[in-house]
Amino acid sequence: MKYSKSIIAISLISILSACGGSDNTTTPEPTMGTFNLGVSDNPADAEIVNIAFKQVVLKGNGESLSFDVSDSGELKHVDLLQFQGQEVETLVSGQSIPTGEYQMCIYMEKSEVANEESSYVKTADGIAGLTTNSNGSCGGVGAEDPNTGRLFFNKTFTIAAGSNVFVAEFNLAKGLQAPHGNKDYWTLKPTSVQLVNNAEVGAIEGQINASDSDTLDNVKADCEVAAGGTEFAQAVYLYPADTTLTNMVDFRPDADITTPQVAPIASARVNAMLDQNDEVTGYEYEFGFVTAGSYSLGYTCVAQNDDPETANNPDDAEMPFFIHIDEQTVEVTNGTTTERHFPMAFVPVS
């Protein structure tokens with residue numbers, strides 16, 4: 001199964017603190033800055049990916065800073081599927097912190113049993129628990145309860161004077177593991193998270209174009225055939241620049257990628273566009289928080305067959321995966337949204 005990238009963004013507004021002085025020089029107050037963090041995501045076939053957040057900790061050179069993100073003492077529940085593309089849910093805001101170098105930990109409540117009061121994943125098959133294998137403190141600070149999981153960001157980032165906005169990207173396509181073996185719960189890998197400076201990112205959005213309802217019906221039929229008669233999931237995959245259609249593969253272990261194959265950077269769910277009568281008029285997708293640069297895109301409607309734990313190929317008898325259409329030279333610049341639409345000359349690869 002395939003799960004696309006998730007975004008968690010946390011934002012804290014920066015405030016500059018004035019430094020006072022007199023004939024007897026005193027230690028100046030530290031310069032302050034603002035930090036922002038929120039939440040967004042997009043798995044292909046899950047209906048809900050709920051994380052019960054507890055705490056955010058920033059580890060600096062001095063004392064670690066802790067922010068309780070609960071709502072009036074209750075866990076802050078965020079369904080990532082409600083925050084796709086550039087939409088985010090704020091965890092922390094309005095906190096002034098000293099400038100300097102930091103690392104970050106996010107703490108969540110984990111559960112190996114189906115429990116809507118904790119973290120969980122809901123699919124068509126029902127609800128299952130959601131856990132992570134990492135725990136422990138962040139600079140001596142952090143939730144130590146047995147049911148607490150830690151999401152740790154290895155990358156050090158800088159809080160400068162003024163406003164600093166960062167986005168924590170959860171690449172669920174690689175980091176969200178479905179129940180397997182004797183486990184009946186989902187696992188979120190802590191290494192699936194990276195921090196991005198919002199000043200260095202843009203966005204990509206577009207439509208999967210079709211000229212009329214008959215064309216849409218044909219697309220649906222073609223996708224059902226390509227999916228082997230099972231439910232299908234449309235998605236757009238983001239690849240490095242100049243990745244050709246024939247070299248675009250699925251999310252898979254690094255050991256299974258051989259030249260000239262290229263694994264995706266991220267993926268985005270394709271959502272139906274509805275008119276006032278709730279009739280489908282087309283499909284659209286969006287990537288939020290993409291680092292500025294040049295990219296290639298690939299469209300598929302068999303994203304449900306992308307299992308990040310193994311390589312899925314067009315000739316796979318049980319779970320065939322392939323990219324149908326590509327778009328090249330997609331340029332992303334800081335602070336802007338690039339539009340790129342896929343023409344619906346839909347010819348599934350067999």
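This is a predicted model: local features need pLDDT of at least 70, side-chain atom pairs count only at pLDDT 80 or more; totals for chains, interfaces and linings use all residues.
Colleague: Hi! What volume does the second largest pocket have?
Modeller: About 390 Å³. Of the 22 residues lining that pocket, Asn171, Lys174, Ser192, Gln194 and Ile265 are the closest to its centre.

Colleague: And which strands and helix each supply at least two residues of that lining?
Modeller: Strand E11 (162-171), helix H1 (172-175), strand E14 (193-197) and strand E19 (280-291) each do. By type, the lining of the second largest pocket has 10 nonpolar, six polar and six charged residues.

Colleague: Switching to the open sheet of four strands, what's the order?
Modeller: The order is E18-E19-E15-E22, and the pairing is mixed. Strand E18 (271-274) and strand E22 (337-339) are the edge strands, each pairing on one side only.

Colleague: How many bridges join E15 and E19?
Modeller: Seven, and strand E15 (residues 201-208) and E19 pair in the antiparallel sense. Glu205 stands opposite Glu286 in E19.

Colleague: Now the rings. How are Tyr237 and Tyr239 arranged as an aromatic pair?
Modeller: They are stacked, 6.4 Å centre to centre with 25° between the planes. Tyr237 is buried at 0% relative accessibility, and Tyr239 is buried with a relative accessible area of 0%. Tyr237 and Tyr239 also form one aromatic cluster with Phe251 and Phe321.

How values were computed
Residues are numbered from 1 along each chain as its sequence is written. Side-chain values use heavy atoms; hydrogens and water are left out. On a 1 Å grid over the protein atoms alone, a cavity is a set of points where a 1.4 Å probe fits but cannot get out, and a pocket is an open set with protein on both sides within 12 Å along at least five of seven lines; lining residues have an atom within 4 Å of a point. Grid points are joined across faces, edges and corners, and a volume is the space filled by probe spheres set on the points. Ala, Val, Leu, Ile, Met, Phe, Trp, Tyr, Cys and Pro count as nonpolar, Asp, Glu, Lys and Arg as charged, and the others, Gly among them, as polar. Two strands pair if DSSP finds at least two bridges between them. Rings of Phe, Tyr and Trp (its six-membered ring) pair if their centres lie within 6.5 Å; planes under 30 degrees apart count as stacked, over 60 as edge-to-face and the rest as tilted. Buried means under 20% relative accessible area, exposed over 50%, partly exposed in between (1.4 Å probe, protein chains only).
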